[in-house]
Amino acid sequence: MQTIDLKTTQNVTIEYELATLGERMLAVIIDLVTVGIGYFLLAALVTGAFGSAWSGVQVGIFGFIMPLACFLVYNFLFELLSHGQSLGKKALSIQVVRLDGEEPAPADYLLRAVFYFVDLLATAGLLGGLLISSSPKRQRLGDMTAGTGVIKMRSANRFGLGDILRISSLEDYEPRYPAVRQFSEEDMLLIKNTIARYQRYSNDANRRLLHDLASQLGLQLEAPREETRNATEFLKTLIRDYIVLTR
């Protein structure tokens with residue numbers, strides 16, 4: 001299992017599993033089928049509107065240039081507007097991310113789309129498949145150029161809020177840190193992942209990460225310093241408070 005570590009805006013490092021070559025191939029097949037159906041519907045409409053007599057130039061445009069353009073534009077727009085997911089990626093629960101943890105820019109998605117011509121179309125997928133299977137971060141040429149990768153949506157140690165609810169009973173619970181409402185559900189999941197990672201790998205690096213996170217959040221919430229010394233309990237308390245205050 002190949003993984004990468006991504007640092008979030010809360011300076012928490014989360015481990016994600018990289019999408020496999022098979023998952024990415026299946027996602028591309030779904031995208032190709034989707035674009036193919038859309039293209040044939042478009043071609044049928046154009047034929048019905050302008051007649052069935054096609055010149056050589058028209059055949060070239062609608063037989064090669066248009067399908068290529070549709071596929072590249074489709075990938076660019078879907079990844080841009082759907083946070084790094086085409087329909088195929090949504091179906092496989094995989095997503096494009098920047099390897100530096102930043103949000104991918106439109107230029108990143110555009111580079112990925114353009115390089116599909118080399119990675120997939122011009123080489124029948126051989127170049128892209130070879131690079132994904134052999135590179136340390138499973139990147140095709142478009143990924144390497146844009147500084148992106150494709151990950152599975154759930155991190156290697158990820159939990160949902162349903163899992164968080166099982167930490168302890170929340171009946172008649174009195175929240176200690178009302179200001180925790182300023183955080184998002186994603187922030188709570190990151191906190192839970194940090195705890196889970198430390199419990200799974202109790203090394204010095206993860207211990208420092210846990211305490212640094214507790215200290216940072218304690219400062220934001222203006223919590224007394226002594227309350228953050230037991231980092232695990234402090235962070236679990238924040239999760240409980242968040243659930244009670246927002247559910």
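At what angle do α9 and α10 pack, and how far apart are their axes? Before you look, note that this is a predicted model, where local features need pLDDT of at least 70, side-chain atom pairs count only at pLDDT 80 or more, and totals for chains, interfaces and linings use all residues. Residues are numbered from 1 along each chain as its sequence is written, and side-chain values use heavy atoms, leaving out hydrogens and water.

**Stop one: α9 and α10**

Select residues 185-200 for α9 and 204-221 for α10. Helices here are DSSP runs (H or I, at least four residues), numbered from the N terminus. The two pack at about 150°, with axes 9 Å apart; axes are lines fitted to C-alpha atoms over the stretch in contact, and angles run from 0 to 180 degrees between N-to-C directions. That makes α9 roughly antiparallel to α10 (the label for angles over 145 degrees). Now show the contact, meaning heavy atoms within 4.5 Å: I191, T194, I195, R197 and Y198 of α9 meet N206, R207, L209, L210, L213 and L217 of α10.

Select residues 231-246, which are α11. With α10, this helix packs at about 50°, and the axes are 9 Å apart. On the α10 side, pick out L210, H211, L213, A214, L217, G218 and L221; on the α11 side, A231, T232, F234, L235 and L238. This contact has 9 nonpolar, 3 polar and no charged residues. Here Ala, Val, Leu, Ile, Met, Phe, Trp, Tyr, Cys and Pro count as nonpolar, Asp, Glu, Lys and Arg as charged, and the others, Gly among them, as polar.

Now turn to α9 and α11: their axes come within 10 Å and cross at roughly 150°. That makes α9 roughly antiparallel to α11. Residues in this contact include M188, I195 and Y198 of α9 and L235, I239 and Y242 of α11. By class, there are 8 nonpolar, 2 polar and 3 charged residues.

Finish by selecting R24, M25, V28, L120 and I132, the closest to the centre of the second largest pocket among its 16 lining residues. Elements giving two or more residues to that lining are α1 (21-50), α5 (116-121) and α6 (126-134). The largest share, 6 residues, comes from α1. Overall, the lining has 8 nonpolar, 3 polar and 5 charged residues. A pocket here is an open set of points on a 1 Å grid over the protein atoms alone, where a 1.4 Å probe fits, with protein on both sides within 12 Å along at least five of seven lines; lining residues have an atom within 4 Å of a point.

Technical notes: Angles under 35 degrees count as roughly parallel, over 145 as roughly antiparallel, 65 to 115 as roughly perpendicular and the rest as oblique.
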